[in-house]
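Good morning, everyone. Please put the sequence and the 3D view side by side, and follow along with me.

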Amino acid sequence: MRLKVTMRSTRILEIIILSVVMCFMFAESSFAQISPGDLSESHSHLEGMSNCTQCHTLGEKISNEKCLDCHKDLQNNIKNQKGFHVSTDIAGKECISCHSDHHGRTFEMIRFDKDNFNHSLTGYELIGAHQKKKCKDCHKNEFIRNDDIKKKKITYLGLNTECLGCHTDYHQTTLSNNCNDCHDFNAFKPAPKFNHNKTKFQLVGKHQETDCIKCHKKNMFNGQEFQNFSGIAFNSCINCHTDVHKNKFGSNCTQCHNEQSFTITKGIANFDHSKTRYKLENKHRLLQCNDCHKTKLTDPLKFDRCTDCHSDYHKGQFIKLGQRPDCSDCHSTKGFVGSSFSIEQHNKTDFQLAGAHMATPCFACHKKEENWSFREIGKKCIDCHTDHHQSHIDKKYYPESNCTNCHSENNWTEINFNHSITKYELLGKHKNPSCKDCHFEIKTDGSSVQKFKTLTQNCTNCHTDKHQNQFEKNGVTKCLDCHDYNNWKAEKFDHNKTRFILDGKHIKLACADCHKVKQLGESSFVQYKLNKLKCENCH
């Protein structure tokens, strides 16, 4: 009984094994007849009859729904009407019309003419520098943010249209993410769409010509080169510019300067120059800044001496023994015309002013010609004055033509000459007349002739001989024989020394009793010379 059971069990096992083998053989033969070929590499994980229904619907052709159930990223794009698959060229087509499979492992399911592909159909038109790029330059795995899409070996999905999706944010989140606000697609530099006047700091004047790098410095930030365009302080000029005045005038540079030029100021009235080491006064207040500040206002400017700015009008005439007197010693900022050089200062020079010289204007001595002269103009009288007595007076009476030997500096007509040193001492009435009375002969035409050397001691050189030459001897009339210098009276006359001695009654007679007045032409005179001396000539 046990033997029968064993034999029966063995038979059943053989039948089961045979049935399984036949099933496998049938299945293998059937599969070979159903599958048209191996799936592509991307679909290779779907090999086998148990996976057929993931793409195929029994009794029907392949549907788009089956494809999109797997390719959800593409499904989302179509749902949101984005990308190439919703373009007019593709919308409504079956997926299999472009992406068929079962052509082998190496078959490219995604294939198109990359050189002539119209990228505008994707919703992102390639313009500018993007036109020169290859597909692989942009469609990189590293630019895809979706991790599921990233896992695909070949895909053109997963990119966004934002610049920062592919490009590094050079500004490191300091500016807007929309690069198109400033840049275009031609090049990253320059930024043609950027308008600085739409910022909080509008560019005016010289700022329009300033290179960006001068204000927006480059440095390293987070290990990368970085140029800062935001957060830059601009509420004060000194945020960017060095205060060359070191805060002497405050930090508001616009009080004096403008953006057109640092050297162009808003006028001296707006600037308090007294805050500097040089206060502007008088004529200096009328000057423009660039009259003195020839180059930059910040350049050091000498001002200790007038000649630091002004030319030495006197051409070094006052440089003496290493000393350099300044213009301010004589002039003021009220004007160059006129001088404050005092008489007291002049008297400290080699030529002291006295008398009429104190009232003489400077130009009378120092500007005899076109230019002013202050050095080596002479110290002697004849250096300035003409010697009118030259050849008329012996030089021994005024050596070196020193006029002060006779004349006073107070007045030219004031004479102080010691006449006694000459051969003719002035006595009596001769002390009263002026020099002109004796030494100048006035002619009928009003001119005068000097007589010094040529003047003799004869009285008749100056006085009229009222006696009509009655007492002339050898051509000379000696008035002093009868007269002296005190008056015209003949107090020295002694009648007894004449040819007619007075005695008796004659002594008491008046001169006129014997010496009668006679007429000679238009003149009359007393006749003193009597040739008739007998008694009967009078009695």
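Let's begin with one side chain. Lys152 is partly exposed, at 28% relative accessibility. The bands are simple: buried is under 20% relative accessible area, exposed is over 50%, and partly exposed lies in between, with a 1.4 Å probe and protein chains only.

A quick word on the model. It is predicted, so local features need pLDDT of at least 70 and side-chain atom pairs pLDDT 80 or more, while totals for chains, interfaces and linings use all residues. Residues are numbered from 1 along each chain as its sequence is written, and side-chain values use heavy atoms, without hydrogens or water.

Back to Lys152. Which residue forms a salt bridge with Lys152? The partner is Asp73, with the closest N and O atoms 3.3 Å apart. Asp73 sits in helix H3, and Lys152 in the loop between helix H5 (147-150) and helix H6 (212-215), so the pair ties together parts 79 residues apart in sequence. Asp73 is buried, with a relative accessible area of 15%. To count as a salt bridge, a side-chain nitrogen of Lys or Arg must be within 4 Å of a carboxyl oxygen of Asp or Glu. Helices (H or I, at least four residues) and strands (E, at least two) are DSSP runs, numbered from the N terminus.

How many salt bridges does a search of the whole structure find? Seven. Another one joins Arg105 to Glu47, and their closest N and O atoms are 2.9 Å apart. Arg105 is in the loop between helix H3 (72-79) and helix H4 (135-138), Glu47 in the loop between helix H1 (2-34) and helix H2 (64-70), so this pair ties together parts 58 residues apart in sequence. Arg105 is partly exposed at 34%. Glu47 is partly exposed too, at 24%.

One more pair. Glu209 bridges to Lys206, with 3.7 Å between the closest N and O atoms. Glu209 is exposed at 59%, and Lys206 is partly exposed at 44%.

Next, a hairpin. Strands E1 (residues 218-221) and E2 (residues 224-227) run antiparallel, joined by four bridges. Strands pair if DSSP finds at least two bridges between them. Met220 has Glu225 in E2 as its bridge partner. Two residues lie between the strands, and Asn222 in the turn has a positive phi of about 55°.

Now the second largest pocket. A pocket is an open set of points on a 1 Å grid over the protein atoms alone, with protein on both sides within 12 Å along at least five of seven lines; lining residues have an atom within 4 Å of a point. This one holds about 1,600 Å³. Its lining has 50 residues, and nearest the centre are His419, Cys435, Cys438, His439 and Leu455. Helix H11 (435-439) and strand E3 (440-442) each supply at least two. H11 gives the largest share, five residues.

Last, the whole chain. It has 13 helices and eight strands. Its radius of gyration is 67 Å, well over the 24 Å that the globule rule gives for 539 residues, so the chain is more spread out than a compact globule. That radius is taken over C-alpha atoms, and the rule is 2.2 Å times the number of residues to the power 0.38. The C-alpha box is roughly 250 × 50 × 35 Å along the principal axes. Buried residues make up 15% of the 539.

How values were computed: On a 1 Å grid over the protein atoms alone, a cavity is a set of points where a 1.4 Å probe fits but cannot get out, and a pocket is an open set with protein on both sides within 12 Å along at least five of seven lines; lining residues have an atom within 4 Å of a point. Grid points are joined across faces, edges and corners, and a volume is the space filled by probe spheres set on the points.
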